Amino acid sequence: MSRSDLVYLKNNVIAEPLFAGWYVWPHLISPATCAMNITGRHLKIMNSYIQSPQVHAAAVKNPKMLGGPFIDYVVNRAEEVKFLRDRTLDEQAPLIALAQAIQQLTKLLKEEATGFALEPLYEKVPAPLQGYVELFYDLQNQPSFRFYEALLYRSLYYQRSAQSILLTTADTDDRAFVLSTPRLPGAQGINIKLPFDQSPFDDLFGMRRTSGSYNQVRDALSISNGEEPLFRSFFTDSSPKVAERFQGEGLRLRYFGHACLVLETKDVCIISDPVVSQPYEGAVVPRFTLEDLPGVIDYVVITHNHQDHVLLETLLQLRPSIRHIIVPRSGSGQLQDPSLKLILKAVGFPNVIELAEFESIEVPGGRITGLPFLGEHADLHIQSKLCHHVVLNQYSVLLAADSCAVEPKIYEHVHDEIGDVDVLFLGMECDGAPLSWLYGPLLTEPLNRDQDRSRRLAGSNFPRAIGIVECFRPKEVYVYAMGMEPWLNHIMSLKHSETSAPMVNSTKLVNECRNRGIVAERLFGMKELIYQRDR
Ligand SMILES: [Fe+2]
Ligand SMILES: [Fe+2]
């Protein structure tokens, strides 16, 4: 290795994880949800686009259709979409069969599980699911089944060979909405076809801060001669800015956008729901970026399994820096609630810790405690959700994420356990998308339009939020996780106006808190808070 061979990965390089050509969010990792999304989302959208690309082109220009099932390309790419659709039908045949089997098993149980013993039904379980499910009744004799999720990851239904990472460079925050638009290879990108858990990705992303051998990384990622000029342009000889660690006696808290907070003492660094922008020239909204993160992240804490809180794009790039990831405990084997631990282990994180409600993990100078996270999941039975109470150097911070305090009495009980807090972070996206937007492809029974619209992914509104404030009596209140930062566009597809309910409700909360002498702000872009001992 010659010295001239040593280079850094440019910080404006974007790395989008893909599965079968679609941007990866957690439901594309767990095999059963992946199968249902391929058939109930990807194939439907691609078929519709192939039929009439002009309808999609018109819909994506209409603000009322924002976040809808429309492919967002300026030029007609129907031929390429057709190619991807045909390849998906061919290569993902096992997952398509799995999705059909899930539908068939649901129907079988509805028709034939009538309160009698279930054993005779095992031989009627559709072949693709045999050996992967347990049948049961609930206490009202409603039949259901659960997956042996860990087995599905060991089967042909976990298709690591369809994983890749698409490298491009950022010159804007605008990216097409990931739930609706497949990533077609273009002249300005290199799609590296390697499973996410492979170590060459750690070497590549580690080169954002430590120089490495260009030739080695090129060979490890199997870059072709044709791709090499573009690949070479992703690297630089200049060393990056190095983020200085917080060295004070107290606590530094930095808001990186949405629900992403970096909590640092001189002894520990904790990051919540990492969603971090890469820097690029000409960015309009000022922000902390990947360059501002410390080289070692002791704990990542994940609040819940929505794509704006478990962003694999950010997590995979930080993998060389992350020591532990703390996730809410699940593992019920229910289709709608895949295990976050299994998802993160599958993509190459060895140290995933599950936390349950009222369980704590001791960290240097304090602890992290899991607390109930209410609602915001369209009334589906989903356990993978936790608020976090973080105590560091005697400062007490409550990260309530998107919790929708539909039952204030629960937080009264929580208050009995943890007492008042110093700082409260609360999401107030109180409109929320209807159930079908995220979970529609998983439904095995249709939901009518009114039911769908009544069951939303909605966070706390003003009355619920002020209830939480009155319960925990914080000295400071910050509204966060509003999806307002432009670098969230590709995963949220949200545009709030000043008159939209989340804005009106959160403004009201901020004003009401200030009237009561509480420091309050709705965060946007970036913010730094420092808490010193001599407060
Ligand atoms: Fe959420
Ligand atoms: Fe959220």
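Before I get going, two terms: strands pair if DSSP finds at least two bridges between them, and strands (E, at least two residues) and helices (H or I, at least four) are DSSP runs, numbered from the N terminus. Now the housekeeping. This is a predicted model, where local features need pLDDT of at least 70, side-chain atom pairs count only at pLDDT 80 or more, and totals for chains, interfaces and linings use all residues. Residues are numbered from 1 along each chain as its sequence is written, chains are lettered from A and ligands numbered from 1 in the order in which they are written, and side-chain values use heavy atoms, with hydrogens and water left out.

Which residues of α4 are buried? Among them are Leu95, Ile96, Leu98, Ala99, Ile102 and Leu105. Buried here means under 20% relative accessible area, exposed means over 50%, and partly exposed is in between, with a 1.4 Å probe and protein chains only. Remember that an α-helix has 3.6 residues a turn, so residues three or four places apart point the same way. The buried residues of α4 pack against β2 (13–19), α1 (31–51), α3 (78–91), β4 and β5, where contact means heavy atoms within 4.5 Å.

Next, the metal site. Donors are N, O and S atoms within 2.8 Å of the metal (3.2 Å for Na, K and Ca), and water is not among the atoms, so sites may look incomplete.

The iron ion that is ligand 2 is coordinated by Asp308 (OD), His309 (NE2) and Asp402 (OD), at 2.1 to 2.3 Å. Asp402 bridges ligand 2 and ligand 1, and the two iron ions lie 3.4 Å apart. His309 is in the loop between β13 and α9, while Asp402 is in the loop between β19 and α11 (408–418), 93 residues away. His309 and Asp402 are both buried.

Back to β17 for a moment. Five of its six residues are buried. On one side, four bridges join β17 to β16 (residues 360–363), antiparallel, with Ile361 opposite Ile368. β17 also pairs with β18, antiparallel again, over six bridges, and there Ile368 stands opposite Val390. In the hairpin of β16 and β17, Gly365 takes a positive phi near 80°.

Asp273 has one of about 35°; it is in the loop between β12 (269–272) and β13, and at 0% relative accessibility it counts as buried. Asn393, near 45°, is in the loop between β18 and β19 (395–399).

On to the cores. A nonpolar core is a set of buried Ala, Val, Leu, Ile, Met, Phe, Trp, Tyr and Cys residues joined through side-chain atoms within 4.5 Å. The largest has 105 residues, and Ile29, Phe231, Phe235 and Leu315 touch the most other members. A second, separate core of 60 residues includes Cys387, Tyr395, Met428 and Ile518.

Last, charges. A salt bridge is a side-chain nitrogen of Lys or Arg within 4 Å of a carboxyl oxygen of Asp or Glu, and the structure holds 28 of them. Glu470 and Arg516 form one, with the closest N and O atoms 2.9 Å apart. That pair links helix α14 (residues 462–472) to the loop between α16 (501–515) and β22 (519–522), 46 residues apart. Finally, Glu16, Arg175, Arg183 and Glu313 are linked in a network of salt bridges.
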